[in-house]
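This briefing covers sheets, helix packing and salt bridges, in that order. The sequence and the structure come first.

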Amino acid sequence: MRAVLTWRDKAEQCVYDLAFKPDGTQLILAAGNRLLVYDTSDGTLLQPLKGHKDTVYCVAYAKDGKRFASGSADKSVIIWTSKLEGILKYTHNDSIQCVSYNPVTHQLASCSSSDFGLWSPEQKSVSKHKSSSKITCCREEHNDILAVADWGQKLSFYQLSGKQVVGCQDGTISFYQLIFSTVHGLYKDRYAYRDSMTDVIVQHLITEQKVRIKCKELVKKIAIYKNRLAVQLPEKILIHELYSDDSLDMRYRMKEKIVRKFECNLLVVCADHIILCQEKRLQCLSFSGVKEREWQMESLIRYIKVIGGPPGREGLLVGLKNGQILKIFVDSLFAIVLLKQATAVRCLDMSASRNKLAVVDENDTCLVYDIHTKELLFQEPNANSVAWNTQCEDMLCFSGGGYLNIKASTFPVHQQKLQGFVVGYNGSRIFCLHAFSMSAVEVPQSAPMYQYLDRKMFREAYQIACLGVTDTDWRELAMEALEGLEFETAKKAFTRVQDLRYLELINSIEERKKRGETNNDLFLADVFSYQGKFHEAARLYKRSGHENLALDMYTDLRMFEYAKDFLGSGDPKETKMLITKQADWARNINEPKAAVEMYISAGEHGKAIEISGDHGWVDTLIDIARKLDKAEREPLLMCAHYFKKLDNPGYAAETYLKIGDLKSLVHLHVDTQRWDEAFALGEKHPEFKDDIYVPYAQWLAENDRFEEAQKAFHKAGRQGEAVRVLEQLTHNAVVESRFNDAAYYYWMLSMQCLDIAQDPAQKDVMLGKFHHFQHLAELYHGYHAIQRYTEEPFSFHLPETLFNISRFLLHSLTKDTPLGISKVNTLFTLAKQSKALGAYKLARHAYDKLQGLQTPARFQKSIELGSLTIRSKPFQDSEELVPLCYRCSTNNPLLNNLGNVCINCRQPFVFSASSYEVLHLVEFYLEEGITDEEAISLIDLEAPRHKRENKWQEIASNTSQTLRLDETLDSMGDDDPFTAKLSFEQGGLEFVPVVVNRSVLRSMSRRDVLIKRWPPPLRWQYFRSLLPDASITMCPSCFQSSDKGGLDVVFLVPTHCQATCPWKVSGPHQAWGC
């Protein structure tokens, strides 16, 4: 241990006391009646403090560093803050002898000659206590300061961290730094050193982890090796080991303890032994302290190092003062002389393969030898320590003269500034010991790598790069190796910098080499082209006979002028190809006009058309289309496409006509909705009928012109689509409560099905749908009046009509109720009208039915009131409302369980389409063998009609005058053959139709017969009017009948046609005489 003066200052008066700030940055001195505050780093006087009136005898700093106290002969104590401000002053009865802070509670004790006081920050007052004798000193235990006083009028304070301050009577202040010899040990990436004289710290140089081992005695020597740590104390040696074999484990435990005092210069530990160096002698001891062998050297031992080996057979490298270098195995008594040099050994190291030896001698020269040949390979000056790279055989570093020197193989040395001694070299990290600290310096290996690259030693350069270089260095290595065609090294380097582009190039070259390509000029040309050395690449392509590759390269790079120079006056095909590529480039750089001109000159009309069309250049397209021959179909079709896209259908039609593509012309007219031109073309070419009418129908449907769409589908022969459109129209009408429209659409559906039924394969199915849709049409037509009556405030129908319609619907709704038709609305209408017309029994039945149904809130009050008031009416129906069967003259009940047929003869009723009253019509059927044409001819014979003669007689008397009507029937009136056919078997459950023969037909008048002339495959229906004088009108299209005149019908049912037809808006109608 030795003391080194750090700084010195001269005070004007005697120094009585001093104190360090706990963090060591300030020093407080009591000099005269002032306090002097110094910066401990350089001795600068920060500030003198004046507060006492007499000599300051004592000073003390609190452990937390927030405040300090001073005591003086003026009997006062002043407490100061760390900012050098006084905050409290109190007095004693005598001069202050000493002050001291408690390191835990920060309580201050101040002592005078006769008493002492205690002050704490929590108290405002100071408690004082008298003493029976004079107090000379007080000190509370302080762990890291040692105070020494002597009779030489000198007071010294020591810190365990190695600082000493001396204050003298003459006012001299001296600050000393105590320097101790370094006690440490190193093995690879673990460094152990002494701290605080009694502790050992083991540092992992890679992870920077540290562990402290407390020995509680002076540490004299330290040795470390693999998982072993040996610590020499004054009276013993402690041997520690790691808990595990993990290279990152830092937990040590006690393994052995050798309780004996040893004197040695150096200490080395192995797996099972410790080695003591004593001047010229080496002793090998087991961990139990038994000496196993001893080696006596010729000269003083200057350096010893463990170089590894199996446990119990480790090798030692020993350097002597006489220049001899030995290798010793701990299990052998014989030392092996490696070589002998003329100068003393100062430091040495062996390479990883143990083929080379580096020695630093006492002349600060680094000498490198080949161990096997004893040959001096090279030497370098200004060296104080040396270390081989553990990961690279040919690299070492040495320090000296404030520089770090790195040498690779036999290349010149690379230098950089570094303070300290090199003790290890691992990869790119150099371990340097400077003063008392060990640090790991990250050193790029760029310089030695470039030294290898200069000599084209790519593999060696790669090994150096793996130790640690920048990304730029990696890329340079990759490029150099690639140009040198060292693909394996280049691939590894490019992988390191993640350059996929060059990796793809290398892979492609390797694949080509596998396929047998051996032309290195071609490979190198590819490399140059990737590197941007295009002219060099072109020359190599030409030299290897691949001029086309050079041309492709220039055109891909848009270097068209260079390409033309390279091509000269060559093949016209290549010239055309060059122009095309130049046009591609002009297109890519957004110069479309120039690109179009180049494409046209190169004959690439398709690309020219595409660019012109995308930019909307119609004039250019017209020029191209008119210059092209009609045989060039593809470009002309492209022109037509763009004409159509740019809303120029006229030019598109001209182009289609030029190439004779009539189908595309039809599609053009359809797509542009030029239907007149399309229809005209369809007339000339019927084969395009589907291509015209189907889109036309779809267009009509999209524009809500569904009826026209249905007709168009029908005209195009698409019966299925026509039916689907009608079904959708019908469904929409029902959902939107447009029941009159729904009736019309169902009638159209039925007629459509009847048209499809002409196909024998679909006859049965379509006829079933026909009757079903006819029935629905009748229902929705009738319900239209019910819906308007219940939903609208005013009714356009007479009560009798509503009464008849509601009865007709109830008799028809015996099974499922169609969508949209409300049974509640129907019963409500029937109840109201029955009550109004005097059908009280039927009204009561309707109200009872409504009571069992879920009715809307707006009807409930009316239904409840009607249900009560109907009880006051007689339980019978008015006879005037009872329907009559015109076949059997039977009065039928208002509520008929059989439906709309007679309960007696089962004859179906024929209802008026306007009033829904039962018409005086009876359907009859033709006898087998009579055709419709023959029947019409027989009826048209017009047999004589027997008329009734009415005669009025006047009778006069004295008191009165009377008129009497005498009605005389023609004797032939009751002899009508048709009337005889109306007879049937009473009580029969089956309906017996009326079948007439030729004689009966001849007896009929044309005005008495109504005929429904259904198209095939249906048969015509024949009806005979039993009241010839009552007029009946029938629509010749829908065959609906009415007993009202045309004007009345138009007024009552405005949606009907001019007579009774509910399905048409206008059209001719016939009277009941067909």
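Two strands pair if DSSP finds at least two bridges between them. Helices (H or I, at least four residues) and strands (E, at least two) are DSSP runs, numbered from the N terminus. This is a predicted model, in which local features need pLDDT of at least 70 and side-chain atom pairs count only at pLDDT 80 or more, while totals for chains, interfaces and linings use all residues. Residues are numbered from 1 along each chain as its sequence is written, and side-chain values use heavy atoms, with hydrogens and water left out.

**Sheet β6 to β9**

- The strands β6-β7-β8-β9, in that order, form an open sheet of 4 strands with antiparallel pairing.
- β6 (56-61) and β9 are the edge strands, each with a single partner strand, so one side of each has no neighbour in the sheet.
- Neighbouring strands in this sheet are turned by 15° against each other on average, direction ignored; axes are lines fitted to C-alpha atoms, for helices over the stretch in contact, and angles run from 0 to 180 degrees between N-to-C directions.
- β7 (residues 67-72) runs antiparallel to β8 and is joined to β8 by 5 bridges.
- Ala-69 has Ile-79 of β8 as its bridge partner.
- β8 (residues 76-81) also pairs with β9 (residues 86-91), in the antiparallel sense and over 5 bridges.
- On that side, Ile-79 stands opposite Leu-88 in β9.
- The hairpin of β8 and β9 has 4 residues between the strands, and in this hairpin Leu-84 takes a positive phi near 65°.

**Sheet β38 to β41**

- Another open sheet has 4 strands in the order β38-β39-β40-β41, and the pairing is antiparallel.
- Its edges are β38 (385-388) and β41 (414-417); each has a single partner strand, so one side of each is left without a neighbour in the sheet.
- β39 (residues 395-400) and β40 (residues 403-408) pair in the antiparallel sense over 6 bridges.
- Ser-399 is placed opposite Leu-404 in β40.

**Helix packing**

- Two packed helices are described by the angle between their axes and the distance between the axes.
- α5 (residues 500-514) packs with α6 at an angle of about 170°, and their axes are 11 Å apart.
- α5 is therefore roughly antiparallel to α6; angles under 35 degrees count as roughly parallel, over 145 as roughly antiparallel, 65 to 115 as roughly perpendicular and the rest as oblique.
- The contact (heavy atoms within 4.5 Å) includes Leu-505 and Ile-509 of α5, and Phe-523 and Val-527 of α6.
- By class, this contact of α5 with α6 has 7 nonpolar, 1 polar and 4 charged residues; Ala, Val, Leu, Ile, Met, Phe, Trp, Tyr, Cys and Pro count as nonpolar, Asp, Glu, Lys and Arg as charged, and the others, Gly among them, as polar.
- The axes of α25 (residues 840-851) and α26 (residues 857-869) come within 10 Å and cross at roughly 135°.
- α25 and α26 are therefore oblique to each other.
- Tyr-847, Leu-850 and Gln-851 of α25 meet Ser-862, Ile-863, Gly-866 and Ser-867 of α26.
- The residues of the contact of α25 with α26 divide into 3 nonpolar, 4 polar and no charged.

**Salt bridges**

- A salt bridge is a side-chain nitrogen of Lys or Arg within 4 Å of a carboxyl oxygen of Asp or Glu, and by this rule the count comes to 33.
- Glu-483 forms a salt bridge with Lys-533, with the closest N and O atoms 2.9 Å apart.
- This pair links distant parts of the chain, 50 residues apart: Glu-483 is in α3 (residues 471-483), and Lys-533 is in the loop between α6 (520-531) and α7 (534-543).
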